Amino acid sequence: MNNSSDFPSFTELDRDGAIQEAAANVDGITRAAFMRRTAAFAGGAVAASAFPIAMAQAASGALPSGDLAILNYALTLEYLEAAFYKDALSKGALSGETKHFASVVYAHESAHVEALKKTLGSKAVKTPSFNFKGTTASQSTFQATSKTLEDTGVTAYLGQAGAIKTPAVLAAAGSILPVEARHAAWITNVIAKGSGSPSPAPEAFQKSATMSEVLSAVAETGFITSSLPTAAAGSATSAQPSMTG
Amino acid sequence: MSRTHDEHPTLAELDRDGAIEEAAAGVDRATRAAFLRRTGALVGGGMALGAIPIAFAGAEGGGLPSGDVKILNFALTLEYLEAAFYKEAVSKGALKGGAATFAQTVSEHEAAHVEALKKALGSKAVAEPKFDFKGTTSSEGTFLKTSMTLEDTGVEAYEGQVGNIKTPAVLMAAGSILPVEARHASWVRDIIGAGKSPTPAPAAFNPSMSMSMVLSAVKATGFIKA
C-alpha cells in the first residue's frame, strides 16, 4: 500500500516492469509479445519517441491525401508556434516562470515540427514567414498571445480527430493534443497567478475547431506574412488547408 | 513479482451480471446504423460547447460495439475514481487558495464526465465502486501529489484508447475529455512546482498506457475497495 506522504507516480511504481508483466499475464500472452504489441505507445520510457516510431511505419507516400493535408495543417501550426517562442526567447523580455515556460514549450514545438517534417518527407510544406507584431516584446503580450496560440492548437488537433484515416497518424496526433493542452493550462495558470481566473481548465469538455475556422483565425492575427501553403499537400487537391475568407 | 489474474479488477469482473456482454452480443445492425447516422452530423459539423453531452445523449449502450462499451466503462471507472477523490477532498476542507480552487473546478469536471458517460452507457454502465483514499485527501500536500498522479494517468488512459475506439461519436467524446484531463494535470503540476518540478508539460509527446496497465496501476493504489 502506498504511503500517503509520498504517493508514487504510476511510472515509479513500475520501475521493474512488474505491472507490465502482470498485465501481460492478465491478457494471457507472453511478456515478449506484450512488449512487441505495445512498443510504440504503451510506456513512459518509450514515450518520447512514440511519434517518430509510429510515423516511421507510415511513409508519407502511402498516406491518404486527407491525412497528408491534416499533417501539413498541423505542421503549419507548429511552425507558427515554434517561431513564436523562438522570437520571444531571442527578444529577452521574459523573466521567471514565463521565461522557463517559453523555453520548455519552444523545445516541444520544435520537436513537433521535426517529427511532422520527417513524417511528411518531400510532402512537407515549407515554413511560412512570420511577423509577430511586437507580441513577443513584453511579458504580458507574450503570455496572452501564447495562451491564444496554445488554446487554438488544442481545438485544431481535436477538430481533426474524426477526420484522420491512418491509425498511426491518429495515435501521433493523440500524443500531441494533450501536450498542447498542458501548455495552454500552464500559461493560463501563470497569467492567473494561481487564482483560477482565467481558468486553466475552463470547461469539462474541450471545444474543437474546424480546419477552416482555425486557418481563418490564424489569418486574422496577421502573424503569417507569406501565403499559407496551398500546393504542399501534393495530391491532396481537394483537402488542402485553405483560407475561407 | 507477478500477480495472479484474480487480483486484477477488470471491467469483465465489474460486469458481473453480464449486461455488457449480453448487450454486445445483441447489437442490431440497423440500430447501429441509425445511431451512426444520428451522430454523424454532430461529428462532421464541428464540435461546439456542449456537443459532447448531446452526442452522448443519442448513444445507447446497446447500440455501440462491445469494444466501445468496454472502453466507455473503463473511462467511467476512472472518472468515478477521480470524481470521488475530489468530492472527498473538497469536503475534508484541508485545501486553501489555489489548491481549493483547483479541486472545486476539477470536481465539477469529473462529475460532468461521470454523468455524460453514464448517460451514454445507459443500462450498460458499470456501478460505482467503493473507494478508500487512505488519507490522501486530508492534507494539501498529499492531495496535490495524488491528484497529479490521477490526472496524468487519466491522460495516458484516454490516449491509450484512441486507436481502439470504433464509433466516431465515442472518439470525439473521448477526444474532448483527453485534453481536459491534460489541463488538470498541468494545472496541478504548476501549483505544486511553480513551473519547475514537476514540470507541467514533461514531454513533447505525451505517453499513453494500455487498459491493462492502467487497471493494474489503479489496483496498486488500493483506492478501489470493491
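In chain B, residues 24 or more positions apart account for 81% of the contacts with a separation of 6 or more. A contact here means two C-beta atoms, placed from the backbone, within 7 Å.

Some ground rules. This is a predicted model, where local features need pLDDT of at least 70, side-chain atom pairs count only at pLDDT 80 or more, and totals for chains, interfaces and linings use all residues. Residues are numbered from 1 along each chain as its sequence is written, and chains are lettered from A and ligands numbered from 1 in the order in which they are written.

Let me stay with chain B. Its make-up is 9 helices and 0 strands. From the N terminus on, the elements read α-α-α-α-α-α-α-α-α. Of the 226 residues in chain B, 57% are buried. Buried means 20 or more other C-beta atoms within 10 Å of the residue's own; exposed means 12 or fewer; partly exposed is in between; C-beta atoms are again placed from the backbone.

Now chain A. Here too the count is 9 helices and 0 strands. The order from the N terminus is α-α-α-α-α-α-α-α-α. Chain A has 245 residues, and 50% of them are buried. Take its contacts between residues at least 6 apart in sequence: 77% join residues at least 24 apart.

Two packed helices are described by the angle between their axes and the distance between the axes. Axes are lines fitted to C-alpha atoms, for helices over the stretch in contact, and angles run from 0 to 180 degrees between N-to-C directions.

Start with helix 7 of chain B itself. The expected span is 1.5 Å times one less than the number of residues. Helix 7 of chain B is mostly covered, with 20 of its 22 residues buried.

How do helix 5 and helix 7 of chain B cross? The axes of helix 5, residues 66-92, and helix 7, residues 140-161, come within 11 Å and cross at roughly 165 degrees. The pair is therefore roughly antiparallel. On the cut-offs: under 35 degrees is roughly parallel, over 145 roughly antiparallel, 65 to 115 roughly perpendicular, and the rest oblique. Helix 5 of chain B passes helix 7 of chain B in a left-handed crossing. Left-handed means the near helix is turned anticlockwise from the far one by less than a right angle; right-handed means clockwise.Which residues of helix 5 of chain B meet helix 7 of chain B? Among them are Ile71(B), Leu78(B), Glu82(B) and Phe85(B), and the helix 7 side includes Phe143(B), Leu150(B) and Tyr158(B). Nonpolar covers Ala, Val, Leu, Ile, Met, Phe, Trp, Tyr, Cys and Pro; charged covers Asp, Glu, Lys and Arg; the others, Gly among them, are polar.

Helix 7 of chain B has another partner, helix 9, residues 211-221. Their axes come within 9 Å and cross at roughly 155 degrees. Helix 7 and helix 9 of chain B are therefore roughly antiparallel. This crossing is left-handed. Thr153(B), Ala157(B), Gly160(B) and Gln161(B) in helix 7 meet Met211(B), Val214(B) and Ala217(B) in helix 9. The classes come to 4 nonpolar, 3 polar and no charged residues.

Back to chain A, helix 8, residues 167-192. Its 26 residues reach 38 Å from the first C-alpha to the last, close to the 38 Å expected. Of those 26 residues, 23 are buried. Lys193(A) follows the helix. Its phi is positive, about 50 degrees, although Lys193(A) is not a glycine. Lys193(A) counts as exposed, with 10 C-beta neighbours inside 10 Å.

Chain B has a positive phi to show as well. Lys134(B), not a glycine, has a phi of about 55 degrees. Lys134(B) lies in the loop between helix 6 and helix 7 of chain B. With 17 C-beta neighbours inside 10 Å, Lys134(B) is partly exposed.

Now the cis peptides. In chain A, the bond from Ser197(A) to Pro198(A) is cis, with omega near 0 degrees. Pro198(A) sits in the loop between helix 8 and helix 9 of chain A. In chain B, the bond from Ser197(B) to Pro198(B) is cis, with omega near 0 degrees. Pro198(B) is in the loop between helix 8 and helix 9 of chain B.

His100(A) is partly exposed, with 17 C-beta neighbours inside 10 Å. Across to chain B, His100(A) touches Gly195(B) and Lys196(B).

Note on methods:
Helices (H or I, at least four residues) and strands (E, at least two) are DSSP runs, numbered from the N terminus. A crossing is left-handed if the near helix is turned anticlockwise from the far one by less than a right angle, and right-handed if clockwise. Lists of a residue's contacts leave out its neighbours within four places in sequence.
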